[in-house]
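Let's take a walk through a pair of chains together. Have the sequence and the 3D view open side by side, and follow along as we go.

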Amino acid sequence: MKSLEELMAIRDKTRVKMTVREDNSEVTRVVVGMATCGIAAGARPVLNAFVDEVEKRKLSNVTISQTGCIGMCQYEPIVEVMEPGKDKVTYIKMTADKVARVVADHLVNGNPVMEYTVASIEK
Amino acid sequence: MYRSHVLVCGGTGCTSSNSAAIIEKLESEIAAKGLAEEVKVIKTGCFGLCALGPIMIVYPEGCFYSQVKVDDVPEIVEEHLLKGRMVKRLLYDETVKEDTVKSLNETKFYAKQKRVALRNCGVIDPENIDEYIAFDGYQALAKCLKEYTPEQVIQIVKDSGLRGRGGGGFPTGLKWEFTSKNSAPQKYVVCNADEGDPGAFMDRSVLEGDPHCIVEAMTICGYATGATEGYIYVRAEYPIAVKRLKIAIKEAREYGLLGKNIFDSGFDFDLHIRLGAGAFVCGEETALMTSIEGNRGEPRPRPPYPAVKGLFASPTTENNVETFANIPQIILKGAEYFASMGTEKSKGTKVFALGGKINNTGLVEIPMGTTLREIIEEIGGGIPNGKKFKAAQTGGPSGGCIPASLMDTEIDYDNLTAIGCMMGSGGLIVMDEDNCMVDIAKFFLDFTVDESCGKCAPCRIGTKRMREILEKITDGKATLEDLDKLEKLAHYIKDNSLCGLGQTAPNPVLATLKFFRDEYEAHVVDKKCPAGVCKALLNYVIDPEKCIGCTLCARNCPAGAITGTVKNPHVIDTAKCIKCGACMSACKKQAISKQ
């Protein structure tokens, strides 16, 4: 170890991987429905796609977890995005392909992809 | 990247209740479910709430599972890790909310705690240097080497008000300054990890949970005092701590954080581990250094103090584990940060190992100035079985006790000394109405008699004589004259012993005599043990009104001391009775009592 920069590089690299362990209300939570209905509809590839995409973009303020049945089984795979201080956004009929756009538009730039959300059907 | 981290406590407490097997089962179940790429299992140090071990925390939810068994693991993996449904029955009650979990910091046990020395325990993987660095590890060292002169480092430590956490309470910055001003060519840093007080495990938990912070702090101390070599003297009875320390030193060497020219500053420093063979006296600083030198662990007179002539006759700075654990935070966050916590003369926090008659047995770190009442009633969760609090023993065999009447004393070095007690290294043993204070004093004296190294007469002979008097008291054979003799002898040993062990050995007796003289007198004058502990002074008696003659007691008595016929009240022959209490626990009518 020769310099502080070297140390900070290791710090930043490892810190991103440890975000999930922080008790932080500032973190955005992505929750994937992983009950039997969700898994049958293909929730696992969606979950994995979120993990990959978030890592690729080095988003240190996002955690990804699963939850049980949300109750709208016909719309699975369902993904909920909860940002601190904002209304929850519910995405339906998610696929691995749709994930990249949700991450880019919503998680990075703050614009929910309205056409994928549950609101798009109710209209 | 892993979407979920499962932290399992790998401290000594949880390891002894099988956490290693839990980790193994977790890993195999996770692999079987195809989650190995998504879920990471991490073995951490102590979380503190040892009473609820083995402990597991699942992130990102922050689920705190307590008393987990190997058989629970498949359910946790299937339900929680695969399907995202928490296993409610295993959650720590205090964290359960309707449909989610509360943060641990909102629970009574953690709410009043302030974790400085324990900040990384139960948070990071102690066997992975990167995780320590991720939580700002080794930045304090970099800051010292790059920005501060050794004098500036010492000034920061002095300004912080940090005092020795091993029990002495000597200002740490001043200790460092003494060594730094010595111009000898070779100097040493020594870490005292020979934690010997019965019931104390603060240092062990720091070493097991965050070994790198000790490596970093000792290196900082080396830079500040001009030492290039350090020794960690740790008990061989702490195998997990020793293993993690070895790994930490190896990792630090690989990263160039130990060795030559650290951070390109021209400063060299390296560390060695020495194992203690389990002698209590080796926790005394001069005996410890004698032991490191390869000699029999016996203390030597001070002065000369270690700062003048210490290890291998060179100037040496010796600090306790917990003292070192505070250093990196003081450097990083500044002296003011540390000095903002605590009381006027005792800054910062103190770690206590809570044990005895208390619900939440475990490790707590509180700001100085917290009252004993807060520790016992709030953080500790009170006394089990609705019993009444009698006293808390602090400082182990060198300490004293705080009676219930002084429960609102704010805990710091000076307040405890003022009431005739001492801070000690941090063991806090809670006693309720069923504990006999004379018996407690005898227990600690037994310990010091065994552990006296025998070098000086006051300690070697004096403590033995004190124990004999205590035995006379608990056997009901003592007179009031013996009580006076005991007190006189205690003061004599305190004033004349060579080292800290002997000088403090009478403390448990003096403190209990001060606060519980009535209990001593009950033993001596009335020949009674009020708490019903001292066997020689109590008799088991059957109440003929309550006894229904079921014969259960007679059948359970190993000495054949109980006689009586069916359906008629039984009688205990006190001459034959060995006072084992078997009859009392067998009786279903509560007809038997101790008198």
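The buried residues of helix α12 of chain B are covered by, among others, the strands β5, β6 (229–235), β8 (267–276) and β9 of chain B. Before we go on, a word on what you're looking at: this is a predicted model, in which local features need pLDDT of at least 70 and side-chain atom pairs count only at pLDDT 80 or more, while totals for chains, interfaces and linings use all residues. Residues are numbered from 1 along each chain as its sequence is written, and chains are lettered from A and ligands numbered from 1 in the order in which they are written.

Back to α12(B), which spans residues 285–292. Helices here are DSSP runs of H or I with at least four residues, strands are runs of E with at least two, and both are numbered from the N terminus. How many of the 8 residues of α12(B) are buried? The count is 7, and the buried ones are B:E285, B:T286, B:A287, B:L288, B:M289, B:S291 and B:I292. "Buried" means that 20 or more other C-beta atoms lie within 10 Å of a residue's own; with 12 or fewer it is exposed, and in between it is partly exposed, the C-beta atoms being placed from the backbone. After α12(B) comes B:G294, with a positive phi near 100°.

Keep going along chain B and you reach the loop between α12 and β9, where you'll find B:F312 and B:A313. Neither is a glycine, yet B:F312 has a positive phi of about 50° and B:A313 has one of about 60°. B:F312 counts as partly exposed because 13 other C-beta atoms lie within 10 Å. B:A313 is partly exposed too, because it has 13 C-beta neighbours inside 10 Å.

Now for the sheet. It is an open one of 5 strands in chain B, in the order β7-β8-β6-β5-β9, with mixed pairing. Two strands pair if DSSP finds at least two bridges between them. Which strands sit at the edges? They are β7 (259–262) and β9 (316–320) of chain B, each pairing on one side only. From one strand to the next, the twist averages 25°. Strand β5 (residues 188–193) of chain B runs parallel to β9(B), and 5 bridges join them; B:N192, for instance, has B:N320 in β9(B) as its bridge partner. Packed on this sheet is helix α13 (residues 321–333) of chain B, which touches β5 and β9 of chain B. The direction of α13(B) makes about 95° with that of β9(B). Such angles run from 0 to 180 degrees between N-to-C directions, with axes as lines fitted to C-alpha atoms, for helices over the stretch in contact.

Next, look inside. A nonpolar core is a set of buried Ala, Val, Leu, Ile, Met, Phe, Trp, Tyr and Cys residues joined through C-beta atoms within 7 Å. The largest one has 176 residues, and B:I214, B:I220 and B:A392 touch the most other members. Helix α10 (residues 211–225) of chain B gives the most to this core, with 9 residues. Apart from this core lies another, of 26 residues, including A:V30, A:A43, A:V62 and A:Y116.

That brings us to chain A. Chain A has 5 helices and 4 strands, following the pattern α-β-α-α-β-β-β-α-α along the sequence. Of its 123 residues, 34% count as buried. Look for A:P77 in the loop between β2 and β3 (79–82) of chain A: the peptide bond from A:E76 to A:P77 is cis, with omega near -10°.

Finally, see where the chains meet. Two residues are in contact if their C-beta atoms, placed from the backbone, lie within 7 Å. The contact takes 25 residues from chain A and 28 residues from chain B. On the side of chain A, the largest share, 7 residues, comes from α1(A). Across the way, B:D130 in helix α5 (residues 129–134) of chain B touches A:I10 and A:T14, leaving out residues up to four places away in sequence. B:D130 counts as partly exposed because it has 18 C-beta neighbours inside 10 Å.
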